[in-house]
Amino acid sequence: MTSYTIPGMHVREHTVDVPLNWETPGESISLFARELVDPTRKDEELPVLLFLQGGPGGKGPRPTAATGWVGQALKTHRVVLMDQRGTGRSTPVSGRRMASMTAEEGAAYLACFRADSIVADAEQLRTTVFGGKKWSTLGQSYGGFLTLTYLSKAPEGLSACYVTGGLASIDPSAAEVYRRTYPRVAAKNREFYRRYPHNVERVARIADRLAEADVRLPDGDRLTVRRLQSLGIDFGMKPGYERIHWLLDEAFDGDELSGTFLGQVLGSSSYLGNPLFAALQESIYGSGDGATGWAAEAERGRRPEFAEDARPLLFIGEMMYPWMFSEIRGLRPFQGAVELLAKRPSWPDLYDLERLAANDVPVAAAVYFDDMYVDSGLQLDTASRVGNVQAWVTNEYEHDGLGTDRVFERLTELVAAIGGGLPNH
């Protein structure tokens, strides 16, 4: 076992083997996790907090200092940062691996990287490395979806759950999610242009240039108007408006798009570092009968305000489209597989509604009222149907509110007030 100390954090690294397919164990993959503890308490028996990263396809954080929620948690817990299967050091899913498979093989492979498998992995880690004692979880964004699956599949492993911006609908429907989120994205666009009205003309000028000329990104991909629009995924974070504003500020070098701009667009839209995020984005809503069917693409067709020739040009949010898997170099190896996933007629159920209704594990959830990615109305409906949930509704934060000092602290206060959170038995 590798161990070392970063200032303020003693780190232990853990690797365990888990089945690729938990339903029919055969091939194994590696699951990797980092355990953090206050260096002065590294030999103490402390309760354990598992962080469930957002995504899908998100690896665990790589902290450089004991700050933010990590610093707060280390005052009382050991913190486990798990690289979810397929990410980081947990047998990553790569374009190279996908290119070696047929579309059918790739679809079957990707179907093994959903919430039910991630929860089974976490339980394997808890029982083999951490002695089988209960732990608490902190789920950010998609980590909240994982939390609900955990409460459905293995609540006996949990002492408390904290969720930030991720109480998924327990009636999964990709179509309903995008019906609700497109208006939220349009509202974010209005706010962006209200703050920076001169960008209306600048964005139109960029789009016109892309429509009339073959403009190439540094990796050789053509930059299209619709790929430009995908930069709006950042509008749901702070300071996303400002990041996009400064990106646009240096868009032109004379009459041509600048190398600085094109390099930044490539970095923001290549998905080279997290291809699973794109490949599984709609599959996380697959549950029971019914195909996800490229729901974001279908809903966009009903919203002409998001058209490529509309002005002002509207950016889009956390939506994935079929064209991305042909136009974006890093996603091309996934194309055949994701096309089959979109057509898949049925999926294993992600949530046990009866078990969730009877849940007695304390859950505290931050619901960001203006969240662009996870509709607050759906989150509150879930909170009303899952037992022992306290919802803290706020419009002070965007989707990344966990990065502030207050959010995790507030959630732990809510759970502690009803006598939960710290027991580790």
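The paragraphs that follow take up these topics in that order.

The model is a predicted one, and its secondary structure comprises 17 helices and 13 strands. The radius of gyration is 22 Å, close to the 22 Å that the globule rule gives for 425 residues, so the protein is as compact as a globular protein of that length. Taken along the principal axes, the box filled by the C-alpha atoms is roughly 65 × 45 × 45 Å. Of the 425 residues, 58% count as buried, and among contacts between residues at least 6 apart in sequence, 77% join residues at least 24 apart.

Two packed helices are described by the angle between their axes and the distance between the axes. Helix α7, which covers residues 199–212, packs against helix α9, residues 240–249, at an angle of about 60°, and the two axes lie 11 Å apart. Because of that angle, α7 is oblique to α9, and the crossing in which α7 passes α9 is left-handed. On the α7 side the contact is made by N199, R202, V203 and I206, while α9 contributes H245, L248 and D249; by class, this contact has 3 nonpolar, 2 polar and 2 charged residues.

Turning to a single side chain, R41 lies in the loop between β3 (28–37) and β4 (48–52). R41 counts as partly exposed because its relative accessibility is 23%, where the buried class requires a value under 20%. Leaving aside residues up to four places away in sequence, R41 touches L46, K75, T76 and R78. For one of these, K75, the separation along the chain from R41 is 34 residues, whereas the C-alpha atoms of R41 and K75 are separated by 9.4 Å.

Terms used. Residues are numbered from 1 along each chain as its sequence is written. This is a predicted model: local features need pLDDT of at least 70, side-chain atom pairs count only at pLDDT 80 or more; totals for chains, interfaces and linings use all residues. Side-chain values use heavy atoms; hydrogens and water are left out. Axes are lines fitted to C-alpha atoms, for helices over the stretch in contact, and angles run from 0 to 180 degrees between N-to-C directions. Helices (H or I, at least four residues) and strands (E, at least two) are DSSP runs, numbered from the N terminus. Angles under 35 degrees count as roughly parallel, over 145 as roughly antiparallel, 65 to 115 as roughly perpendicular and the rest as oblique. A crossing is left-handed if the near helix is turned anticlockwise from the far one by less than a right angle, and right-handed if clockwise. Contact means heavy atoms within 4.5 Å. Ala, Val, Leu, Ile, Met, Phe, Trp, Tyr, Cys and Pro count as nonpolar, Asp, Glu, Lys and Arg as charged, and the others, Gly among them, as polar. Buried means under 20% relative accessible area, exposed over 50%, partly exposed in between (1.4 Å probe, protein chains only). The radius of gyration is taken over C-alpha atoms; the globule rule is 2.2 Å times the number of residues to the power 0.38.
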